[in-house]
Amino acid sequence: MDNKVRGILIGRMQPIHKGHMQVIKKILEEVDEIIICIGSAQLSHELKNPFTAGERVVMVAQALAEEKIDPSKYYIIPLEDINYNAIWTAHVKMMTPPFSIVYSGNSLVKQLFSEEGYEVRNPPLYDRLNLSGSEVRRRILADENWQELVNQSTVDVMEEIDGVLRLKNLSVKEISDI
Ligand SMILES: Nc1ncnc2c1ncn2[C@@H]1O[C@H](COP(=O)(O)OP(=O)(O)OP(=O)(O)O)[C@@H](O)[C@H]1O
Ligand SMILES: NC(=O)c1ccc[n+]([C@@H]2O[C@H](COP(=O)(O)O)[C@@H](O)[C@H]2O)c1
């Protein structure tokens, strides 16, 4: 198709946070273009996966714009899960521009792509104690400072979609379902 070196980063981005942003910048030092794949696109309105694929696309796009990352350097692709791990890499390949390097810290993702002969790189984890989607969601529910873990544009999108209230309602529902 062309001879650009592309890397792919797959994560649920529930929501995108400053750890994702740092790793995206690091990957862009190593490849011509990055494919940012928003995983488990079919999931939303769950405590672990509160935001829709569409909302996550907006959060990712606006955070990248806020960081002034050249839009010609990335693709944002939502990707649904499928039931069959053995053919998942083919599903990813079908839905994305061609890529040769896979960046992931997820052992299953690494195993599936290595078995298919892809080069797999383990990107560094930045301030992992604080920079994770789980910690952002925990702080939202605990009324702690989650805003410092994400870009200002993500705080703005959360406000637009009433994301804090959604998460709190989901946690009430989960407790009442027990
Ligand atoms: N702090 C971080 N530093 C660097 N990369 C990160 C960091 N957090 C996540 N990533 C990258 O994002 C990918 C996973 O994305 P995902 O959105 O699932 O992140 P997460 O923060 O671990 O989410 P959750 O806590 O909701 O499970 C990982 O494979 C890793 O490459
Ligand atoms: N069979 C499948 O659909 C399959 C297999 C491996 C990973 N995935 C997805 O890839 C993403 C990996 O992200 P994490 O590194 O955050 O777990 C998740 O959305 C996960 O569901 C899907």
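The shell around ligand 1 comprises seven nonpolar, 10 polar and two charged residues. In this division Ala, Val, Leu, Ile, Met, Phe, Trp, Tyr, Cys and Pro are nonpolar, Asp, Glu, Lys and Arg are charged, and the others, Gly among them, are polar. The structure is a predicted model, in which local features need pLDDT of at least 70 and side-chain atom pairs count only at pLDDT 80 or more, while totals for chains, interfaces and linings use all residues. Residues are numbered from 1 along each chain as its sequence is written, and chains are lettered from A and ligands numbered from 1 in the order in which they are written.

Of the 19 residues around ligand 1, G11, G19, L131, G133 and S134 come nearest; a residue is near a molecule if its C-beta atom, placed from the backbone, lies within 6 Å of it. Helices α1 (18–30) and α5 (133–141) each contribute at least two residues to this shell, and α1 gives the largest share, three residues. Helices (H or I, at least four residues) and strands (E, at least two) are DSSP runs, numbered from the N terminus.

Ligand 2 has 13 residues around it, of which G39, S40, D81, W88 and N106 come nearest. By class, five are nonpolar, six polar and two charged. Strand β1 (6–11) and helix α4 (107–115) each supply at least two residues of this shell.

## The nonpolar core

In soluble globular proteins, nonpolar side chains tend to be buried together. Here the largest nonpolar core has 37 residues, and I8, L9, I36, C37 and V60 have the most contacts inside it. Such a core is a set of buried Ala, Val, Leu, Ile, Met, Phe, Trp, Tyr and Cys residues joined through C-beta atoms within 7 Å. Elements giving two or more residues to this core include β1, α1, β2 (33–38) and α2 (53–66).

Leaving aside residues up to four places away in sequence, V60 touches M13, I16, I36, I38 and I76 (contact: C-beta atoms, placed from the backbone, within 7 Å).

## Backbone features in the loops

The loop between β1 and α1 holds P15, and the peptide bond from Q14 to P15 is cis, with omega near 0 degrees.

S40 counts as buried because it has 20 C-beta neighbours inside 10 Å; the cut-offs are 20 or more other C-beta atoms within 10 Å for buried, 12 or fewer for exposed, and in between for partly exposed, with C-beta atoms placed from the backbone. H45 lies in the loop between β2 and α2 and has a positive phi of about 55 degrees, although not a glycine. With 13 other C-beta atoms within 10 Å, H45 is partly exposed.

Conventions: Contact = placed C-beta atoms within 7 Å.
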